[in-house]
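Trainee: Could we go through this one together? I'd like to know what stands behind each label.

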Amino acid sequence: MPALPSITIHAPDPAILPALRHKIDRKTKPLGALGVLEALALQIGLIQQSLTPSLRRPSLTIFAADHGLARAGVSLYPPEVTPQMVYNFLAGGAATNIFARQHGFALQVVDAGVNADFPSDLPLRHEKLGFGTANTLEAPAMSRTQAIQGLETGRRIAHEEVEKGSNVLAFGEMGIGNTSSATLLSHFLADLPIAACTGRGTGLDDAGLARKIATLEAVAARVGPGPHEVLDILAEVGGFEVVMMTGAMLGAAEKGALIVIDGFIASAALLAAMRIAPAVRDYAVFGHRSHEGGHPLLLNHLLATPLLQLDLRLGEGSGAVLAWPLLQAACGFLNEMASFEEAGVSGEAAQ
């Protein structure tokens, strides 16, 4: 039976923390006055094992794939939207394209498993695992072999981005029906209730939401109660884009890169990655709290503090990219802000 790839992620050495904390505390400000930015600077310094961390070539990779479950009516939009949005990304017309351009992100789009044939000459990374997953009401979404291939492909993509000079990697997704996959992953891997995690996705009305909940409960009943191995759950209810994103997060952490987590689906991918290599969590910064119903519950499970709360529910890595200025601000104050000693200010009086 196919097994998970061997992945080694080292937790950052905490020995540097006292020096980082001292440097932050001696800046010309009251203790803790920069709030979450101080925790962010501490984490970035810890990840990079540096008192003067730097952020290089921020990268956004969008994984696109289709879900067989979409045919069961769990989304307001038809599956045809997935390939249409891929063309929109490639033309630079999506919201995340604008945000990526604004903040200087290198952006690539990966066909992880869209149910469409794309011309080979498109500026698209062709890594198709299949033409969409199976309908998980009836069968596993994919085989274990496909799941492992997806993990390994995502891992390789992240390694290549680091080799190009990136030490900050964000990941987005596009796939009609993928909030259903995220809900099911949250249910099986974090024991979160399906009804509470199921959101409106692309904008379902009350009747559509009730139908979606009933459909996901039926999928869970087909899979059966756990405990389940993470690879089995990824194969049962994952999406090709979710599996590939999971592998990419593992690959980024292997190379010591900072991972900026987007919304509900990206957080579900991280949840799966943590089951494979728990230390991946140390490298994750959470860009925002999505308006999608299950995201706050999942963030709470992950003990995560998101940087932004803008009621976004778009996906595509949009919230991760919008958080970029806060990462810059955290490094900026740590590296450039004067200390009490440098400014000739009494630290005790300022405290």
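Trainee: Where is Glu316 found?

Mentor: Glu316 is in the loop between α12 and α13; helices here are DSSP runs of H or I with at least four residues, strands are runs of E with at least two, and both are numbered from the N terminus. Before we go on: this is a predicted model, where local features need pLDDT of at least 70 and side-chain atom pairs count only at pLDDT 80 or more, while totals for chains, interfaces and linings use all residues. Residues are numbered from 1 along each chain as its sequence is written, and side-chain values use heavy atoms, with hydrogens and water left out.

Trainee: Why is Glu316 called buried?

Mentor: Buried means under 20% relative accessible area, exposed means over 50%, and partly exposed is in between, with a 1.4 Å probe and protein chains only. Glu316 comes out at 4%, so it counts as buried.

Trainee: What is phi of Glu316?

Mentor: Near 65°, a positive value in a residue other than glycine. Most residues other than glycine have a negative phi. Leu303 also has a positive phi, of about 55°, although it is not a glycine.

Trainee: Where does Leu303 lie, and what makes Leu303 count as buried or exposed?

Mentor: Leu303 lies in the loop between α12 (295-301) and α13 (318-322). Its relative accessibility is 72%, so Leu303 is exposed.

Trainee: Now the helices. Why are α1 and α14 described as roughly perpendicular?

Mentor: The axes of α1 (residues 17-25) and α14 (residues 324-336) cross at roughly 80° and come within 9 Å. Axes are lines fitted to C-alpha atoms, for helices over the stretch in contact, and angles run from 0 to 180 degrees between N-to-C directions. Under 35 degrees counts as roughly parallel, over 145 as roughly antiparallel, 65 to 115 as roughly perpendicular and the rest as oblique. That makes α1 and α14 roughly perpendicular to each other.

Trainee: Which residues of α1 and α14 meet?

Mentor: Leu20, Lys23 and Ile24 in α1 meet Phe333, Leu334 and Asn335 in α14, where contact means heavy atoms within 4.5 Å.

Trainee: How do you know that Asp25 and Arg21 meet in a salt bridge?

Mentor: The rule asks for a side-chain nitrogen of Lys or Arg within 4 Å of a carboxyl oxygen of Asp or Glu. For Asp25 and Arg21, N to O is 3.3 Å, a salt bridge. Both residues lie in helix α1, 4 residues apart, about one turn of the helix. Arg21 has a relative accessible area of 30%, so it is partly exposed.

Trainee: How many salt bridges does this rule give?

Mentor: The count comes to 15. Among them is Glu38 with Lys29, at 2.9 Å, N to O, and both of those residues are buried. Another is Glu127 with Arg156, at 3.4 Å, N to O. That pair links distant parts of the chain, 29 residues apart: Glu127 is in the loop between β3 (125-126) and α5 (144-163), and Arg156 is in helix α5.

Trainee: What makes Glu127 buried and Arg156 partly exposed?

Mentor: Glu127 has a relative accessible area of 16%, so it is buried. Arg156 has 34%, so it is partly exposed.

Trainee: And how many disulfides are there?

Mentor: The count is 0, with a disulfide taken as a pair of cysteine sulfur atoms within 2.5 Å. Cys197, at 0% relative accessibility, is buried, and Cys331 is buried at 7%.
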